Amino acid sequence: MLRYKGVLWLKGSERKVIFQGVHQLMGSDLGPKWAPGEAKVSKMVFIGIDLPKDILLQGLEGCLA
């Protein structure tokens, strides 16, 4: 994996979590509050070569609350 970034919704949090990384270095910061009426969803983008889609989806689905 070369690069990854996203906006995450963590259950119980009023603020967005901004997540990003390069290779094995990663970090997160609290972003702005969710706007009234805004859909609280997580969105991630992964950039790499021959990424194993099935394995990535399985790992992400295991994180759902």
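The model is predicted, so to speak from the start: local features need pLDDT of at least 70, side-chain atom pairs count only at pLDDT 80 or more, and totals for chains, interfaces and linings use all residues. Residues are numbered from 1 along each chain as its sequence is written, and side-chain values use heavy atoms, with hydrogens and water left out.Let's begin with the fold. The protein has one helix and four strands, and from the N terminus on they run β-β-β-β-α. Helices (H or I, at least four residues) and strands (E, at least two) are DSSP runs, numbered from the N terminus.

The four strands form an open antiparallel sheet in the order β3-β2-β1-β4. Its edge strands, β3 (25-33) and β4 (43-47), each pair on one side only. Two strands pair if DSSP finds at least two bridges between them. On average, neighbouring strands here are turned by 10° against each other, direction ignored; the axes are lines fitted to C-alpha atoms, and angles run from 0 to 180 degrees between N-to-C directions.

Now zoom in on β2 (residues 15-22), which is joined to β3 by seven bridges, with the two running antiparallel. Val-22 has Leu-25 of β3 as its bridge partner.

Some values for the whole protein:

| Item | Value |
|---|---|
| C-alpha trace along its principal axes | about 40 × 20 × 15 Å |
| Buried residues (under 20% relative accessible area, 1.4 Å probe, protein chains only) | 14% of 65 residues |
| Accessible surface (Shrake-Rupley method, 1.4 Å probe) | about 5300 Å² |

Carbon and sulfur atoms hold 60% of that accessible surface.

Conventions. Buried < 20%, exposed > 50% of the residue type's maximum accessible area, 1.4 Å probe, protein only.
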